[in-house]
Amino acid sequence: MSTSPAPDALLGPADIRELAAVLGVRPTKQRGQNFVIDANTVRRIVRTAEVRPDDVVVEVGPGLGSLTLALLETADRVTAVEIDDVLAGALPATIAARMPERAERFALVHSDAMRVTELPGPAPTALVANLPYNVAVPVLLHMLETFPSIERTLVMVQAEVADRLAAGPGSKVYGVPSVKANWYAEVKRAGAIGRKVFWPAPNVDSGLVSLVRRTEPIRTTASRREVFAVVDAAFAQRRKTLRAALAGWAGSAARAEEALVAAGVSPQARGEALTVEEFARIAEAAPDRETSTESPTPRQKDSE
């Protein structure tokens, strides 16, 4: 049984700036880096994520380690995925210095999260991350698809992105991220984060999004690729009716209408009105789809 970490193990504003200065690190807009400098905020994120003592947590974009240390206080293990050479090189030493009794429960993967297909140690049960704003949605969807063992996710993203991810059908901001996230999980807003807890302070607000993996996948004979191809087509021209928006996907507007009618969806509806289950039904009714084959056609692969 490991001893509890010291109360001052987490990083404060002075610690963050000192670390950054030693490493010669300046947060870059290119990678969407904004470091959290408030210990209360990272502890709040861990609480909101409902991290348990038996959790194996994966964190994307740990930066200087603010959230990583807070996760290590509670979780059984933490694996951090970091693309930045300098930050990846420094993080293990920070963990060892500030939380030596938990260092053996930490692992680092120095890689682009979008390229990660496996992680060291036990399968992750939770994803908790302050995601770089410019790649938040692709990274989130990639991790959910690649690691089905992730049951619970809590990500901090730009407030506008948080709204999109958690939006339901009929909302003005409901779109591709909303539907694709809902394919995997029940999604909801889980709080707001002020600008002052970051260095440098961003010029946008941030929000927390909770995603709880569906206990049962969406019931459909269509593959994820097939369903996502319909979603992409529907929102590529979101002001158009589905009959028009899906014409390219189906081969013609008439064939799109046939598929929509077969799926029980009005050809005059728009993508923003449909649930993920309805998109799945449309995918099942694709004009050239053979229900006996599991693999998507080349056309469907290209349109994902």
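## Basis

The model is predicted: local features need pLDDT of at least 70, side-chain atom pairs count only at pLDDT 80 or more, and totals for chains, interfaces and linings use all residues. Residues are numbered from 1 along each chain as its sequence is written, and side-chain values use heavy atoms, with hydrogens and water left out.

Helices (H or I, at least four residues) and strands (E, at least two) are DSSP runs, numbered from the N terminus.

## The sheet

Seen in order, the strands run 4-3-2-5-6-9-7. This is an open sheet of 7 strands with mixed pairing; two strands pair if DSSP finds at least two bridges between them. Strand 4 (106–110) and strand 7 (185–193) form the edges. Each has a single partner strand, so one side of each lacks a neighbour in the sheet. Neighbouring strands are turned by 20° against each other on average, direction ignored.

Strand 6 (residues 152–158) and strand 9 run antiparallel and are joined by 7 bridges. Gln158 has Ser206 of strand 9 as its bridge partner.

## Strand 2

Strand 2 runs parallel to strand 3, with 5 bridges between them. Val56 stands opposite Arg77 in strand 3.

Strand 2 is mostly covered, with 5 of its 5 residues buried (buried means under 20% relative accessible area, exposed over 50%, partly exposed in between; 1.4 Å probe, protein chains only). Both faces are covered. Val56, Val58 and Val60 lie on one side. Val57 and Glu59 lie on the other.

## Helices on the sheet

Contact means heavy atoms within 4.5 Å. Axes are lines fitted to C-alpha atoms, for helices over the stretch in contact, and angles run from 0 to 180 degrees between N-to-C directions.

Helix 4 (residues 85–98) touches strand 3 (77–82) and strand 4. Its direction makes about 170° with that of strand 4. Helix 5 (residues 136–146) touches strand 2, strand 5 (126–130), strand 6 and strand 9. The direction of helix 5 makes about 170° with that of strand 6.

## Helix 7 against helix 8

The axes of helix 7 (residues 176–184) and helix 8 (residues 224–236) come within 10 Å and cross at roughly 160°. The two helices are therefore roughly antiparallel (over 145 degrees; under 35 is roughly parallel, 65 to 115 roughly perpendicular, the rest oblique). The crossing is right-handed, that is, the near helix is turned clockwise from the far one by less than a right angle.

Helix 7 contributes Val176, Val179, Lys180, Trp183 and Tyr184 to the contact. Helix 8 contributes Arg224, Val227, Phe228, Val231, Asp232 and Phe235. These residues divide into 8 nonpolar, no polar and 3 charged. Ala, Val, Leu, Ile, Met, Phe, Trp, Tyr, Cys and Pro count as nonpolar, Asp, Glu, Lys and Arg as charged, and the others, Gly among them, as polar.

## Loop residues

The peptide bond from Trp199 to Pro200 is cis, with omega near -10°. Pro200 lies in the loop between strand 8 (198–199) and strand 9 (206–213). Glu50 sits in the loop between helix 2 (39–48) and strand 2 (56–60). Phi of Glu50 is near 55°, a positive value in a residue other than glycine. Glu50 counts as exposed because its relative accessibility is 55%.

Arg102 is in the loop between helix 4 and strand 4. At 8% relative accessibility, Arg102 counts as buried. The C-alpha atoms of Arg102 and Val78 are separated by 9.7 Å, and the two residues are 24 apart along the chain.
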